[in-house]
Amino acid sequence: MQFPKRDDLKTFSVAGINDFINKASEELNGLTASATPETVTDDQLARMEELNTFLTASAAELSERDDKAQRFTAASVVPT
């Protein structure tokens, strides 16, 4: 499965990103379980690196959205 690039994540909902995260995590766990440093192929290693890059990017995207939501909440409170 091809996962979205960092800039493309902005077009997905939080639920959609979380679905991608779950699929990427499952695939990464499967690859990790099926290989060792001695037996991993170049293709497996490249895929593992791609999955890690995606997971890092998606975590950053979700963190940015959470920060923005918190700022919105703070800004929308009427001071008393």
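Start by selecting S58, which sits in helix α2, residues 42–75. Helices here are DSSP runs of H or I with at least four residues, numbered from the N terminus. Before going on, keep in mind that this is a predicted model: local features need pLDDT of at least 70, side-chain atom pairs count only at pLDDT 80 or more, and totals for chains, interfaces and linings use all residues. Residues are numbered from 1 along each chain as its sequence is written, and side-chain values use heavy atoms, with hydrogens and water left out.

Back to S58: its relative accessible area is 0%, so it is buried (under 20% relative accessible area, 1.4 Å probe, protein chains only). Show L9, I17 and I21 too, as S58 is in contact with them, leaving aside neighbours within four places in sequence. Contact means heavy atoms within 4.5 Å.

Next, select L28 in helix α1, residues 14–34. L28 counts as buried because its relative accessibility is 13%.

Last stop: R47, back in helix α2. At 15% relative accessibility, R47 is another buried residue. Which residue's side chain makes a polar contact with that of R47? Select E27: the contact is 2.7 Å (a polar contact is a pair of N or O atoms within 3.5 Å; within protein, one must be able to donate a hydrogen and the other to accept it, and residues adjacent in sequence count only if both atoms are side-chain atoms). Beyond residues up to four places away in sequence, R47 touches M1, F3 and L31 as well as E27.

Note on methods: Helices (H or I, at least four residues) and strands (E, at least two) are DSSP runs, numbered from the N terminus. Buried means under 20% relative accessible area, exposed over 50%, partly exposed in between (1.4 Å probe, protein chains only).
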